[in-house]
Structures are given as C-alpha cells and as structure tokens.
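Me: I have not looked at this structure before. Could you take me through how to read it?

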Amino acid sequence: MFDLLIEGFGVALTPLNLGLALLGALLGTLFGALPGIGPINGIAILMPLAYTLGLPAESSLILLAAVYTGAEYGGRMSSILLNVPGDAGAVMTTLDGYPLAQRGLAGPALGLSAVSSFIGATIAILGLTLFAPLLAKVAVLFGPAEFFALMVFAFSSMSVMMGKDPIKTAIGAVLGILIGTVGIDSGSGVLRYTFGMPELYDGIDFVVMIIGLFAISEILLMLEHSQRKGDDGELPVLGRVFVRLKEVLWCKGAIIRSGLIGFIIGVLPGTGASVAGAVSYTTEKRLSDKDNTFGTGDMRGLAAPESANNAAAVGSFVPMLTLGIPGSGTTAVLLGALMLYNITPGPMMFTERPEVAGGLIASLYIGNIVLLMLNLPLAGVFARVLTIPRWVLVPAIAILAFVGVYQLHSDLFAIYLMLLIGVFGYLLRKLGFSLAPVILGYVLGGLMEQNLRRALSISGGDVGILWQSGISLGLWVAAVLLLVLPWWIPKLLAARQPSTR
C-alpha cells in the first residue's frame with residue numbers, strides 16, 4: 001500500500017491533477033452549499049463533461065472525488081446558517097449548528113465544522129491507506145440480516161437524540177418511515193399511498209422532501225418571526241468570525257471518536273453519512289451531554305456529526321475500490337465513471353491500474369488539505385449571510401428551493417408537493433417536534449425495509465435469520481441496551497442512595 005501511495009502522489013501532484021483537485025474542491029463546496037444539488041448531482045453533471053474533454057481515467061476520478069469531498073464540506077454551510085441541510089448527511093448538523101449561528105457564533109461554527117471535517121476525513125484516509133483490504137473482508141460479512149440489525153440500532157440510538165421528549169422523537173421517526181413508503185412497492189409492485197396520482201408512483205423524491213421540510217418551513221418561521229416581533233428585518237448580529245484553538249481542543253474527544261465511528265459505518269455498503277451522523281451524534285450525546293446542552297448550541301454536538309460525515313464519505317471508497325461495491329449513492333455514480341473508462345473496480349485494480357487507485361487515494365490527502373485551507377479563511381465571509389435582511393434572504397431561499405426542485409423534475413407537481421411538505425414541517429416545528437427524526441426515518445426506513453425483505457427471502461420466511469449471526473445478535477443487544485439503560489441506570493442509582501431519615 002505504501003508503494004502504491006508513493007506512485008499515487010506522483011500522479012496526483014502533476015499540475016493537471018492538482019488543478020483538477022482544486023477545481024473539484026471549489027465546485028463541490030458550491031454544489032454542497034446549494035440545497036437540492038449535493039454531491040450526486042454535482043458528479044452527474046461533471047462526469048460526462050470530464051469524459052468528453054478526454055481526461056485520463058485517473059484525472060477524471062480525482063476531479064469527481066474532489067467534488068464529492070467538497071460537497072460534504074459545503075453542505076454544512078446552509079445547515080449552520082439557514083437551518084437547511086444541503087444533503088441527508090447534514091441533517092444532524094442543524095441540531096447544534098443553527099443555534100450557534102443564532103447566538104452570533106456562525107463564524108466559529110463554520111470554522112469548527114471545517115476543522116472537524118478535516119480531522120474526520122484524515123482519520124478515514126489513513127484507515128483507507130492502512131486497512132482497506134482487511135476492512136473489505138469485514139464488510140463482506142454484512143448481509144441483509146446484519147444491515148437490518150444495524151438499521152434497528154440506528155433507530156434505537158435516536159431515542160437519545162431528543163432525550164427530553166422521546167415520544168415526539170419516536171412519532172417523528174414513524175412519520176418519516178410512513179412518508180418513505182409512498183410509491184410502488186419494489187417487492188410486490190403494489191401501489192402504496194399514491195391516491196391514484198401517477199406522479200407519486202416513484203415515491204417522494206429526497207430533494208423535494210428535504211427542501212420542503214427544512215427550507216420552506218424555515219421560510220414560514222422567518223416570516224412569522226418578522227411579523228410577530230415587528231423587527232426591522234435583520235437576522236442575528238454577527239459575532240466573532242474565527243474558531244479558537246481551545247474550542248477545538250475542547251471538542252477533540254468528540255471529533256476523534258466520531259471520526260472512527262464514521263469511517264467504520266462508511267465502510268459498510270449502503271449506510272452512508274446519514275447513518276454515521278445519527279450514530280455519532282447520539283453516541284456523543286450519551287457520553288458528553290452531562291448538562292443537557294446538546295441541541296441548544298453545544299460545539300461538541302456540531303463537531304461529532306461533522307467529523308463522522310466526512311469520515312463516512314471517505315470510508316465509502318473502501319468497498320468501491322476493493323470489492324467493486326458502491327458504499328453510498330455517490331460512490332455508485334463514481335463506479336459508473338470507472339466503467340466509462342473500461343476499468344473494473346476490485347482487488348485487481350490495485351495491480352492492473354495502480355495509477356488510478358493510488359492517484360485517487362493520494363488526491364484525497366491533497367483535496368482534504370485544500371478544503372481546509374479554503375474553508376477556514378472564508379468562514380467569516382460565509383457567516384455574513386446572517387447580516388442579510390430578511391426581505392432579501394427569504395426570497396433568496398425560496399428561489400433556490402424552487403429552482404433546485406424544478407431543475408430536477410421539470411414538473412409543477414413537485415413544486416406543489418414541496419410546498420405541502422413545507423407546511424407540514426412548519427406545523428411539526430410549531431408543535432415542538434424535531435425534524436431530524438422525521439428525515440432520518442424517511443432515509444433509513446427504506447433501507448430497513450429492503451434488507452428485511454432480502455433477509456426473509458433468503459431464509460424462506462424464517463425470522464430467526466435476523467439474529468442468527470454474531471454480528472446481528474450483537475447489534476440487537478446494543479439496540480436493546482440503548483433503549484433500556486437510560487431508564488434503568490437512574491433508578492438503580494436512586495435505589496443505592498442511603499435513606500435521609
């Protein structure tokens with residue numbers, strides 16, 4: 001691997017590939033910052049262009065990988081500044097990132113996000129370099145039953161996400177799962193909750209869902225706030241713009257733990273940054289939130305999902321490069337880019353096309369440094385979004401929302417559906433529901449159903465397959481403990497206290 005890495009740096013450090021890495025990082029940050037575009041659409045736009053320009057395979061992959069990692073950085077800007085996640089992986093960032101921005105700490109929040117993302121991605125890149133073949137063997141052990149158990153664990157970990165009101169968290173997750181069931185059942189072909197409308201046969205698109213649920217509901221809340229307060233239309237005053245070293249050091253435990261969690265989850269095909277963000281946030285809340293400050297603007301609550309998301313993004317390259325199995329939706333598009341050049345991903349690629357595999361891994365090191373150098377100095381510039389008057393900001397968010405949905409669907413029905421979901425999200429927020437469990441239920445519910453069907457199909461309907469292996473059994477036990485321990489431990493401690501009489 002080290003010989004491969006040396007050869008890879010020789011490829012990645014050529015002027016052409018360095019320029020492509022910088023261009024990809026810039027474009028990726030822009031794609032990620034605009035809700036509705038994200039890494040998948042950014043790569044889909046650039047992939048045919050790179051191929052048409054006649055770029056070598058390694059150069060095309062370096063460009064597209066830089067767009068991917070850049071979009072993971074950029075997606076956090078709208079989450080922190082506007083409470084609108086750029087993609088599913090940025091949902092958990094809104095829980096503490098947006099409250100920090102509202103307190104005048106948008107600059108430090110963006111800076112901490114950049115540092116956490118850099119450290120998390122660096123942990124994952126080192127893991128990719130050192131342990132890729134070993135981790136590929138572990139990933140193969142995960143079948144449908146193990147993935148189903150992993151989804152159950154992710155849902156049970158949501159119980160600590162909003163510890164003050166677990167009932168509302170559970171209701172939100174169930175609502176998300178129900179929304180995710182709309183459309184044609186892939187297993188039986190039965191129409192579910194389509195109400196005779198052909199536009200719903202393919203289900204509710206993720207972009208429509210996330211822009212409606214977050215962006216439109218945020219617009220309605222902004223308008224209500226301006227009307228109720230009778231203010232002059234200004235968002236919170238901008239405070240200091242740079243993150244302090246002591247703030248980064250205070251979050252170092254959360255960053256390192258979440259980076260490791262994110263990398264391990266990213267290696268498992270089909271999980272991705274949304275699962276990594278949810279698991280890392282809830283784990284860190286369980287370990288560090290002694291004063292119930294998570295969700296109100298705790299920097300550790302921001303650092304944890306940021307580190308995990310970027311680590312998961314890099315981790316998803318492990319199954320793609322070593323097994324030819326995409327670890328996420330974005331690496332599935334990158335897999336298609338390799339096939340455009342008649343390159344078959346898998347173990348043989350490391351020996352047959354070392355310049356491609358090594359160049360990609362080396363470019364991840366370079367692109368990560370470029371993104372840190374790009375995002376840290378510009379944190380103050382981006383934070384100035386908070387000084388824009390509401391009469392400018394609200395229409396701007398609305399235009400981005402409408403354009404983002406229409407350019408994907410070219411259909412007015414998608415616009416109407418987005419507005420309906422936006423009103424639904426607004427009502428949920430007025431009733432005190434967090435939107436994070438809703439969107440996570442929507443994303444994870446589909447994965448959970450698919451893997452349950454596959455597992456039962458393999459076993460001929462025998463549910464025992466769901467806890468047959470040691471991995472799935474361990475995940476089931478961990479899920480049960482997550483649900484039981486929060487109630488059992490306080491009662492145990494209370495019982496052990498000596499009587500005051």
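This is a predicted model: local features need pLDDT of at least 70, side-chain atom pairs count only at pLDDT 80 or more; totals for chains, interfaces and linings use all residues.

Me: How much of the protein chain is buried?

Reply: Of the 501 residues in the protein chain, 57% are buried. The accessible surface is about 21100 Å², and carbon and sulfur atoms account for 70% of that surface.

Me: What share of the contacts joins residues at least 24 apart?

Reply: Take the contacts in the protein chain between residues at least 6 apart in sequence; 80% of these join residues at least 24 apart. Ala149 is found in helix α7, residues 144-157. Leaving aside neighbours within four places in sequence, Ala149 is in contact with Ser472, Leu475 and Trp476.

Me: Is Ala149 buried or exposed?

Reply: The cut-off for buried is under 20% relative accessible area. Ala149 has 1%, so Ala149 counts as buried.

Me: How do I read the nonpolar cores? Which residues have the most contacts inside the largest one?

Reply: Met209 and Ile439 have the most contacts inside the largest nonpolar core, which has 69 residues. Helix α9, residues 206-229, gives the most to this core, with 11 residues. For Ile439, the contacts beyond four places in sequence are Val91, Phe206, Met209, Ile210, Leu213 and Phe214. There is also a second, separate core of 45 residues, and Leu55, Leu64, Tyr68 and Ala132 are among its members.

Me: Now a single helix. How many residues of helix α5 are buried?

Reply: Helix α5 covers residues 93-102, and nine of its 10 residues are buried, so read this helix as mostly covered. The buried residues are Thr93, Thr94, Leu95, Asp96, Gly97, Tyr98, Pro99, Leu100 and Ala101. Just after α5 comes Gly104, with a positive phi of about 85 degrees.

Me: How do I describe two helices that pack together?

Reply: Two packed helices are described by the angle between their axes and the distance between the axes. Take α11, residues 252-267, and α12, residues 273-288: their axes come within 9 Å and cross at roughly 145 degrees. The crossing of α11 past α12 is right-handed.

Me: Which residues of α11 and α12 meet?

Reply: From α11 come Ala254, Arg257, Ser258, Ile261, Gly262 and Ile265; from α12 come Val275, Ala276, Val279, Ser280, Thr283, Glu284, Leu287 and Ser288. Sorted by class, this contact of α11 with α12 has seven nonpolar, five polar and two charged residues.

Me: At what angle do the axes of α11 and helix α13 cross?

Reply: Those axes cross at roughly 35 degrees and come within 7 Å, with α13 spanning residues 299-315. Here too α11 passes its partner, α13, in a right-handed crossing. On the α11 side the contact has Ala254, Ile255, Ser258, Gly259, Gly262, Phe263, Gly266 and Val267, and these meet Arg300, Ala303, Ala304, Ser307, Ala308, Ala311, Ala312 and Gly315 in α13. By class, the contact of α11 with α13 holds nine nonpolar residues, six polar and one charged.

Me: Arg300 is in that list. Is Arg300 buried or exposed?

Reply: Arg300 has a relative accessible area of 15%, and therefore falls under the 20% cut-off and is buried. Apart from neighbours within four places in sequence, Arg300 is in contact with Trp250, Cys251, Ala254, Ser288, Thr293 and Phe294.

Me: Last, backbone angles. What is the phi of Tyr193?

Reply: Tyr193 has a positive phi of about 55 degrees, although it is not a glycine. Tyr193 sits in the loop between β2, residues 191-192, and α9. Phe195 is also found in the loop between β2 and α9. Phe195, again not a glycine, has a positive phi of about 55 degrees.

Me: Why do Tyr193 and Phe195 count as exposed?

Reply: The cut-off for exposed is over 50% relative accessible area. Tyr193 counts as exposed because its relative accessibility is 51%. Phe195 is exposed because its relative accessible area is 67%.

Conventions: Residues are numbered from 1 along each chain as its sequence is written. Side-chain values use heavy atoms; hydrogens and water are left out. Axes are lines fitted to C-alpha atoms, for helices over the stretch in contact, and angles run from 0 to 180 degrees between N-to-C directions. Helices (H or I, at least four residues) and strands (E, at least two) are DSSP runs, numbered from the N terminus. A crossing is left-handed if the near helix is turned anticlockwise from the far one by less than a right angle, and right-handed if clockwise. Contact means heavy atoms within 4.5 Å. Ala, Val, Leu, Ile, Met, Phe, Trp, Tyr, Cys and Pro count as nonpolar, Asp, Glu, Lys and Arg as charged, and the others, Gly among them, as polar. A nonpolar core is a set of buried Ala, Val, Leu, Ile, Met, Phe, Trp, Tyr and Cys residues joined through side-chain atoms within 4.5 Å. Buried means under 20% relative accessible area, exposed over 50%, partly exposed in between (1.4 Å probe, protein chains only). Accessible areas come from the Shrake-Rupley method with a 1.4 Å probe; for residues, only the protein chains shown count as cover.
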